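Me: Hello! I am new to this structure and would like to walk through it with you. Could you show it to me?

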Amino acid sequence: MSNWLDRGLGFAVPLLIALLVSALVLLAIGENPLDTFSLMLTEGFGSPRRLASTLSAATPLLFTAVGTAICFRAGVFNVGVDGAFLIGGLAAVVAGFSLPAELGWSLVPICLAVGALFGAAWLFIPGWLLARLEVDEVVSTLMLNFIAVAITGYLVNGPFLSRQSGNNVTPPVHEAAELSRLMPPGTLHSGFLLALAVLVAYAFWTRRTPAGLEGAWVGLNRRFSRVVGVSVQRTIILAMVLSGIVGGLGGAAHGLGQLHRFTDGFSAGYGFTGMAVALLAHNSPLGMLIGAILFGALASAGTTIQLFSDIPLDLVNIIQGIVMIFAVIELGRIGIRRRVKA
Amino acid sequence: MTRIALGATEIRKSYGSVLANQGISLSVGPGEIHAVVGENGAGKSTLMRVLQGIERPDSGHVTVMDRDVSFAGPADALAEGIGMVHQEFMLAPDLSLLENLVLGDEPLRWGRGAFALIDWQSAEAQGRGLAERIGIEVDWHRRAGAAPVHIQQFVEIIRLLRRGSRILILDEPTAVLAPQQVNELFDLVRRIREDGTAILFISHKIGEVMALADRVTVIRQGKIAFSAAVAETSGEEIASHIVDGSNPVGGEIRRGTPGPVVLDVAGLSAEAVEKSHPLHDISFAVHSGEIVGLAGVAGNGQVELMEALSGLRQAKGRVELAGIDLGGLDAERRRAAGMGYISPDRRHEGLAIDASIEENAIAGSHRASPISNGLWVDRGAMKRVALERLNRLSVKYGALRDPVASLSGGNQQRVVFARETAGSPQLLLVSQPTRGVDLNGIAAIHSILRDFRDADGAVLLVSEELDELQMLSDRIMVMAQGRIVGALDADADRREIGRLMVMEGVGA
C-alpha cells in the first residue's frame with residue numbers, strides 16, 4: 001500500500017510545487033491563476049477531442065519512458081532512447097515508402113518490425129560495450145544520440161529527401177503503411193494502443209519472466225546477482241536491446257501514425273521527457289502512464305491556451321521545467337548510488 | 001616530565017544494543033610506539049574516534065599530556081596535538097604537495113586575513129626543514145595525486161607535525177604500501193619517535209607490530225584482551241589473543257563421519273583482492289559428511305580461495321566436484337553442479353537487501369521448474385517455494401513482500417542458508433556465517449551447518465572466530481599469506497594454530 005502512495009507522490013509533489021510557482025508567475029503578470037489552471041484543465045481533458053489530443057501527445061512519451069525504465073531498473077544508465085527513437089523512426093518510414101505498396105495491410109507490421117530491429121541494433125552497441133569492455137554507458141549512449149541526429153539529418157537531407165517537398169522531409173509512407181487514426185480529424189492513432197500494449201508487456205516482463213526478475217536484481221546488487229548465478233553481462237545487453245526495441249517501436253509509431261513521414265527534428269526531445277517520466281514514476285507501469293499523460297496534457301494544452309488567452313506558452317515550459325527539476329534530483333540520487341557501487 | 005602523552009581510561013561506548021567499547025584503558029608515552037591490534041569490529045575504530053573527539057564516550061575519560069581533557073569535537077583534539085593519518089589519504093589530489101602541506105594554515109606576509117599573500121618561500125622552507133628532520137626527500141611541487149602513495153602518506157605525517165601534533169594515530173598505514181615502502185615508513189616513524197612524538201599504531205598485521213612497536217594491546221569484542229611490551233611477548237601469543245574467545249558459544253561438539261571426496265583442489269592459484277594475498281598453489285580435499293575449517297588472520301587469501309572455488313574469481317589449477325572438473329565453469333554452472341555459497345558479506349553479496357524476502361529466498365531457482373518453464377514465472381509456485389524454504393529453516397518474517405532488510409541479522413542469514421541449501425548441494429562454501437548475528441541466531445546457524453554435514457554434505461568453513469571453527473569443524477587447515485600452511489585436528493592447541501597463522505614475516 002505504501003508503495004502505491006510513494007508512486008503517486010512521485011508526481012504529486014513536483015506538480016504541486018510547479019503549480020504554486022506558476023501561480024505566482026501568473027499573479028505577477030496580472031492573470032488569475034485559478035482561471036488559467038481551469039482553462040488548462042479544460043484544454044487538456046475537457047472534451048473527447050481534447051483528451052484525444054492529450055493522448056496523442058502522450059504516445060511517444062509512453063514508448064520512451066518504458067524504454068528508459070527497462071534499463072534504469074537494471075542499473076543501466078541508458079540515456080540513448082532518443083537515438084533509438086530516431087533511428088527506428090527513420091528505418092520504419094523508409095520501409096514504409098520504399099517497400100512495394102502492394103504488400104497492403106502487412107506493411108504496418110513489417111515497418112514496425114523494421115523500426116524495432118533498428119532500435120535494437122542501435123542500443124546493442126552500447127550494451128555490448130558496457131558488458132564486455134566496461135565502457136561507461138552514459139557517455140556512449142549520449143554520444144550515440146548525437147550520431148543518430150547527425151545520421152538521420154544527413155539521410156533526410158540527402159538520399160531520402162522528398163523530391164516534391166525538398167524541405168528536410170522524406171516522402172510520405174504508403175497509405176497502407178499508416179497507422180489508423182482513432183478519432184479523425186484528430187491525430188490520435190493506433191500507435192497509442194500499441195504503446196499501452198508495450199506498457200502492459202513491460203509490467204508483465206518485470207514480474208512474470210525470469211529475465212525480468214534478473215533485471216531488477218542486477219539493478220539492485222550486481223555481486224548478489226553473480227552469486228545466485230545470474231549473468232550480469234547478459235542481463236545488461238538484454239536490457240539495452242529491449243530498450244532499443246521499445247524506443248525503435250516508438251519512433252516507428254510516431255512516423256507511421258503521427259507524421260506519416262520522417263522530418264528533421266523528428267523527436268521533440270521525447271527521449272528525455274520520457275526519461276523524466278520514468279524517473280518520477282520510479283519505473284512503475286502505472287506511474288509512467290500517469291506521467292506520460294500529464295506531460296502530454298501540458299504539451300497539448302500549452303499549444304491551445306495561447307489561442308484563447310493572453311497566457312504565454314512559456315507558462316507550460318515553467319511547469320514542465322519545475323517538474324523536470326525533480327526528475328533531475330532523482331537522477332542525482334541514482335548517480336550517487338552508481339558512484340557508491342563503483 | 002610527561003608520563004602519558006595520550007591515554008584512555010575506562011572508555012565505554014555503545015551504539016544501540018552494540019557495546020563497541022566496554023571499559024577500555026590504554027596509554028602511550030612520549031617517544032613510544034603503541035600498537036593496537038584486533039579483528040574488524042573488535043572496537044578499535046570506535047576507540048580511535050573517541051580519542052579524536054569525533055565520538056563522545058558514554059563514560060570514561062581521555063588524558064593528554066598528563067591532563068584530563070574533554071573534547072567537544074575533532075578540532076579540540078587537533079588543538080591538543082592529536083593528529084590522525086587515515087587509511088584513505090586526505091590530500092587534495094589536484095593541489096601540489098606544498099599546497100597540501102600548508103592548506104588551512106598558510107604562512108602569510110603583507111597584510112592580514114583574506115587580504116594577505118601566502119608566503120610560498122617560507123612554506124617551502126618549512127616543508128624542507130621538516131622533511132630533512134625525519135630523513136626523507138619530497139618533490140614539493142609535484143601534484144599530490146601524481147605522487148607515489150608512500151610520499152603522499154609522508155606528506156600527511158609532515159603536515160600533522162607542522163601543525164604541532166605531538167601524538168600521531170596511524171590507522172593501518174601499511175594497507176596500501178608495497179613492502180619496500182613499508183620499510184621506509186617504519187624508518188620514518190622510528191625517527192619521529194626519537195623526537196618524543198607518541199604514536200598509536202593500528203594494525204592487524206602481527207609481523208609489523210613485532211617489527212615496529214614498543215608495546216602492544218589486543219582488543220577483542222570491545223575489551224582489552226591482552227597488553228604487553230613487545231620485547232616480552234611473541235607473535236604467536238598476540239595471535240592467540242586476537243582469536244581467543246572469552247565467551248564461547250554454547251552447544252555440544254559433535255564430529256561427522258567423512259565419506260568419499262567431494263571437493264578436490266590441486267595447484268590452485270589466483271590474483272588477490274586489494275590489501276590481501278594472492279593464492280599460491282593450494283591443494284586440499286573435502287569429503288562428504290565433514291566440515292573443514294579454514295583458520296587465518298583476515299586478509300590472508302580466505303576471500304580469494306572461496307571466490308575462486310565458487311567461480312566468482314578467475315583462477316588457475318584444478319578443481320573437481322565429485323569427480324567433475326569445474327575448470328572454466330562460471331558461478332552459474334558451478335551452482336548447477338551442486339555447490340552452495342554463503343558470502344562473508346551478507347548485505348552486499350549474500351542478499352539483494354532491498355529486494356523482497358520472497359525473491360531473495362528463490363533467486364537462482366527462478367529459471368527452473370516449478371517456478372518457471374524457462375519463459376514465464378509462475379508467481380504462485382514462486383511463493384510456495386519461498387514459503388517452503390523459509391519454513392524449513394524457521395525464518396521469522398512479517399510478509400513475503402517485505403524487503404529482506406527488514407529482518408534481523410540472524411534471520412537474514414537464515415534466508416541465505418535457506419536459498420543456498422535448497423537444492424541439496426553436495427558442497428557448501430561458507431564464509432563468516434555468524435558475523436553480525438546474535439547468540440540465538442548463531443546457535444541456529446550452527447545447527448543448520450551440522451544438519452547439512454550429517455546429511456552427507458561437505459562444508460568448507462572460513463571464520464575469524466576460532467571458537468566457531470573448533471566447535472564445528474572436523475579438521476582445521478590454517479591459511480597464511482595465500483598458502484595453506486598447516487592441517488590440524490579440530491581440538492588442536494590454539495597456540496599451535498596461532499603459530500601457524502603468523503608463519504611468515506613482514507611483507508614476505
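Me: How many contacts beyond four places in sequence does the model have for residues 245–250 of chain B, where pLDDT stays under 50?
Reply: This is a predicted model, in which local features need pLDDT of at least 70, side-chain atom pairs count only at pLDDT 80 or more, and totals for chains, interfaces and linings use all residues. Residues are numbered from 1 along each chain as its sequence is written, while chains are lettered from A and ligands numbered from 1 in the order in which they are written. pLDDT is the predictor's confidence in each residue, from 0 to 100, and two residues are in contact if their C-beta atoms, placed from the backbone, lie within 7 Å. For residues 245–250 of chain B, the number of such contacts is 12.

Me: Which helix of chain B has the highest confidence?
Reply: Chain B averages a pLDDT of 86, and 94% of the residues score at least 70. Helices here are DSSP runs (H or I, at least four residues), numbered from the N terminus. Confidence in chain B is lowest in α8 (residues 235–243), with a mean of 79, and highest, at 96, in residues 357–362, helix α12 of chain B.

Me: How many residues does each chain give to the contact between chains A and B?
Reply: The predictor gives the complex an ipTM of 0.86 and a pTM of 0.75. In the contact, chain A takes part with 15 residues and chain B with 21 residues.

Me: Which element gives the most to the side of chain B that touches chain A?
Reply: Two elements of chain B give two or more residues to that side: α11 (346–350) and α10 (331–336). The one that gives the most, with three residues, is α10(B).
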